[in-house]
Amino acid sequence: MSTPESEGSRRPRLVRSRRGRLIGGVCSGLGAHFSVDPILFRIAFVGLAIFSGIGIALYLAILLLVPEEGVSRAPICLPWHGSVGDQWHTSADRRLLRRLALAMAVVVCMALLALAGAWLAGTHAQLAAWAVVTVGAVIVLSAFTRTIRRLVLPGVAFALAVATIAAAHVDLRGGVGDHFYRPQSLSEVRSGYRLGVGRLEVDLRGIAFPAAATRLHVRLGVGELVVLVPRGVCVATSARIGGGFVGALERRSAGLDVNWSERPSPPPGTPRLVVDGSVGLGALLVADHPVEHGWGGWGGWGGWGRWGGWGGENGWFASHYHRVALGGNEACFPAHGTSGSSADAASGLPSNGASRIPAEGASR
Amino acid sequence: MRRQPNITLLTCGVAVLVLGVLLVLNAGGTIDLRFAYTAPVIVGALGAILLAGGLASRRRGRG
């Protein structure tokens with residue numbers, strides 16, 4: 001390895017390696033400096049990028065502050081580095097700038113195409129699927145002609161976005177935003193409510209439901225779907241969630257491909273409501289009182305902060321929702337008593353009843 | 001002499017093509033795609049692309 005050595009030290013000086021580099025030589029340089037396989041740094045950077053985003057910032061910082069192998073100084077010289085003022089002059093710096101600009105352009109192109117793919121898959125699934133077939137055919141063709149190779153990564157991003165939306169069964173038709181409905185009588189209750197992206201809340205607490213089962217269909221593509229039900233009504237929930245959380249009064253579940261169906265047998269004469277809910281990515285909540293927004297409103301993805309990103313104990317699925325009390329379904333299970341009181345105390349389980357009664361039917 | 005196709009691009013293209021066909025079948029209601037089936041397919045495809053890329057660069061190194 002031709003990495004230069006620091007004076008009086010056996011460890012090679014930290015430089016961005018020219019050999020074995022994938023992007024800017026950061027990981028191969030770190031690997032040479034610490035005498036470990038660069039793949040470990042690559043995994044760490046990708047992991048940090050996915051789970052907190054800091055991996056990208058850290059990579060860029062090292063890229064700009066650490067000199068390239070064979071070059072005396074870094075692209076950006078900090079005051080304690082000694083020489084400030086003549087930055088971005090060497091050909092290595094210009095090369096790095098060009099490479100960074102190209103990488104940024106590819107990333108932006110990938111993000112835009114992924115968004116376009118997600119939207120297309122959520123609104124015109126058939127068209128999106130054929131578009132992926134076309135992208136695949138074009139990539140196969142480019143393997144022989146060696147043209148348009150730069151469009152391969154954006155094309156793959158498009159295909160992956162379409163596949164994710166299709167696998168989650170996300171339906172983005174129905175608009176975007178925060179929609180709130182509060183019908184005042186049974187005749188005002190629609191048979192179905194739908195939203196593409198955002199927060200959909202249907203407040204049925206002012207409705208006097210009859211003993212015969214009333215069916216309600218609610219659909220949401222991405223976001224948070226809340227159905228507020230009156231106490232004293234037996235609520236049966238059927239839910240299909242591509243990825244996210246479902247909580248219906250005392251019962252809850254989270255993960256991917258959650259397919260949940262309850263079939264309670266209430267005492268005769270009990271008013272019944274059957275909620276048939278479908279959420280692509282996000283949460284479905286059935287509660288007997290208003291719940292705090294996990295989605296955080298449409299004003300800026302505040303829910304992301306509350307969800308705490310993808311990982312950690314406040315991670316996406318476990319998060320906020322498992323701690324939220326949604327109420328009890330004592331009209332269906334009168335013997336259980338009030339939610340969070342006697343039954344929970346007797347079973348010794350948490351007062352929110354998180355795992356007290358497993359959902360019937362298939363989950364996952 | 002006839003040029004050899006780029007194996008990495010070819011593998012990548014075939015993987016995307018297969019994914020597209022699955023998506024067409026899903027959109028038509030013939031199959032029901034879910035994360036449980038899609039995720040392993042995608043990870044397997046990415047593995048095949050990486051493998052093809054690694055083998056191709058190895059061959060170039062020898063050549």
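On a 1 Å grid over the protein atoms alone, a cavity is a set of points where a 1.4 Å probe fits but cannot get out, and its lining residues have an atom within 4 Å of a point; grid points are joined across faces, edges and corners, and a volume is the space filled by probe spheres set on the points. The model described here is predicted, and totals for linings use all residues, while side-chain atom pairs count only at pLDDT 80 or more. Residues are numbered from 1 along each chain, and chains are lettered from A in the order in which they are written.

A search of the whole structure finds 4 cavities of 30 Å³ or more, and two of them are set out below.

| Cavity | Volume | Lining by class |
|---|---|---|
| Largest | about 50 Å³ | 3 nonpolar, 3 polar, 3 charged |

The lining of the largest cavity includes H169(A), R240(A), D257(A) and R34(B), and β4 (234-248) and β5 (251-261) of chain A each supply at least two of its residues. For the second largest cavity, helix α4 (residues 91-123) of chain A gives the largest share of the lining, 4 residues.

The structure also holds 3 aromatic pairs over all chains, where ring centres must lie within 6.5 Å, and planes under 30 degrees apart count as stacked, over 60 as edge-to-face and the rest as tilted. Y181(A) and Y193(A) form a tilted pair, 4.9 Å centre to centre with 50 degrees between the planes. Y181(A) lies in strand β1 and Y193(A) in strand β2 of chain A, so the pair ties together parts 12 residues apart in sequence.

Technical notes:
This is a predicted model: local features need pLDDT of at least 70, side-chain atom pairs count only at pLDDT 80 or more; totals for chains, interfaces and linings use all residues. Side-chain values use heavy atoms; hydrogens and water are left out. On a 1 Å grid over the protein atoms alone, a cavity is a set of points where a 1.4 Å probe fits but cannot get out, and a pocket is an open set with protein on both sides within 12 Å along at least five of seven lines; lining residues have an atom within 4 Å of a point. Ala, Val, Leu, Ile, Met, Phe, Trp, Tyr, Cys and Pro count as nonpolar, Asp, Glu, Lys and Arg as charged, and the others, Gly among them, as polar. Rings of Phe, Tyr and Trp (its six-membered ring) pair if their centres lie within 6.5 Å; planes under 30 degrees apart count as stacked, over 60 as edge-to-face and the rest as tilted.
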